[in-house]
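Here is a short briefing to read alongside your viewer.

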Amino acid sequence: MTQTIQFALRGAKNRLQSASDSGSLDAHVLLAAVLGVERAYLLAHPEQPLTHDQQIRYEAFIDRCAAGEPLAYILGRRAFFDREFIVTPDVLIPRPETEHLLEAALTFAHQHPLCVGVDVGTGSGALAVTLAALSPTATIHAVDFSPAALNIARQNAILHQANVQFWEGDLLTPLVERGIKVDLVMANLPYIASGDLPTLAVTRYEPRLALDGGADGLDLVQRLLQQAPAICNPGALLLLEIGAEQGAAAAAIAQSAFPDAAVTILKDLAGLDRIIQIAQ
Ligand SMILES: C[S@@+](CC[C@H](N)C(=O)[O-])C[C@H]1O[C@@H](n2cnc3c(N)ncnc32)[C@H](O)[C@@H]1O
């Protein structure tokens, strides 16, 4: 049976009602993606029939959404700051909270236009690529342990014509080995305690390597802060994303790694601890 936009949307909304808090919005976003139109088009053309192919593709999208798969993986993209990123299940879906870290990094890069920066655990490349695109005179490195994630980050760098030097390896090791010094360290490393992972919905779809922060969630942050003093130039700024409960513990680790630095906890829009800032 040939379906109209209105008919297809009604069916999809009914299916997604119990599966998602944003069922109606998801139904619209997915149909707009299938048709290659803006969402407003759907409201303006309710009687337009879908082709057989469009119906099949839409039903497949709705099945995945009803099963709980994040919209970003179904669409293969996610908005971050001022641009869209390619995302696949090989990378964490960039979160709005991480935009706070980017804003602080951009302020630093605009004050130090020739700075050298590194994004540790780059994933989709959201931080490194956006910073490199908006601060083209800076030199930006990005590291990830996952070759599959680096493949996506490279695609995003090409998409946004951002000049980023990518390295596969553990934390800052690729830079340490090459004697590269930096003025800016950005890191949104995994910070969920291993014991909490089984209870969380995110683990159904997002890569464990992007989430698991060890026994107390701070293993990687701690190891990064052990490596960092050796590669930081005088006056360097470090920005590390953390979990809402980790502010005091992470600040103490940061202060012991950088005894003379000003360590500050920056909060997100919800007023929760979100970033450890270390200013030397
Ligand atoms: C929480 S995700 C963050 C991704 C991206 N920076 C963002 O903000 O959306 C953490 C990333 O760190 C990477 N990672 C985990 N352990 C690592 C390690 N020891 N060295 C380098 N990268 C690591 C993961 O592969 C993953 O891509």
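This predicted model holds an open sheet of seven strands in the order β5-β4-β3-β6-β7-β9-β8, and the pairing is mixed. β5 (164–168) and β8 (262–267) stand at the edges with a single partner strand each, so one side of each has no neighbour in the sheet. From one strand to the next, the twist averages 15 degrees.

**Around the sheet**
- Strands β3 (residues 116–120) and β4 (residues 139–144) run parallel and are joined by five bridges.
- Valine 120 has valine 143 as its bridge partner in β4.
- Lying across β4 and β5 is helix α8 (residues 147–159), which runs at about 175 degrees to β5.

**Nonpolar cores**
- The largest nonpolar core has 65 residues, and Leu184, Val185, Val221 and Leu224 touch the most other members.
- Helix α7 (residues 126–134) gives the most to this core, with seven residues.
- Leaving aside residues up to four places away in sequence, valine 185 touches Val118, Val120, Ala228, Cys232, Ala236, Leu238 and Leu239.
- A second, separate core has 14 residues, including Leu9, Leu30, Val34 and Tyr58.

**Helix α2**
- Helix α2 (residues 23–35) has 13 residues and reaches 18 Å from first C-alpha to last, close to the 18 Å expected at 1.5 Å a residue.
- Its buried residues are Asp26, Ala27, Leu30, Leu31 and Val34.
- These residues cover an arc of only 125 degrees around the axis, which puts them on the same side of α2.
- Their cover includes α1 (5–16), α3 (39–44), α4 (52–66) and α5 (71–75).
- Glycine 36 follows α2 and has a positive phi, near 70 degrees.

Conventions
Residues are numbered from 1 along each chain as its sequence is written. This is a predicted model: local features need pLDDT of at least 70, side-chain atom pairs count only at pLDDT 80 or more; totals for chains, interfaces and linings use all residues. Helices (H or I, at least four residues) and strands (E, at least two) are DSSP runs, numbered from the N terminus. The expected span of a helix is 1.5 Å times one less than its number of residues. A residue is buried if 20 or more other C-beta atoms lie within 10 Å of its own, exposed if 12 or fewer, and partly exposed in between; C-beta atoms are placed from the backbone. The arc is that of the directions from the helix axis to the C-beta atoms. Two residues are in contact if their C-beta atoms, placed from the backbone, lie within 7 Å. A nonpolar core is a set of buried Ala, Val, Leu, Ile, Met, Phe, Trp, Tyr and Cys residues joined through C-beta atoms within 7 Å. Two strands pair if DSSP finds at least two bridges between them. Axes are lines fitted to C-alpha atoms, for helices over the stretch in contact, and angles run from 0 to 180 degrees between N-to-C directions.
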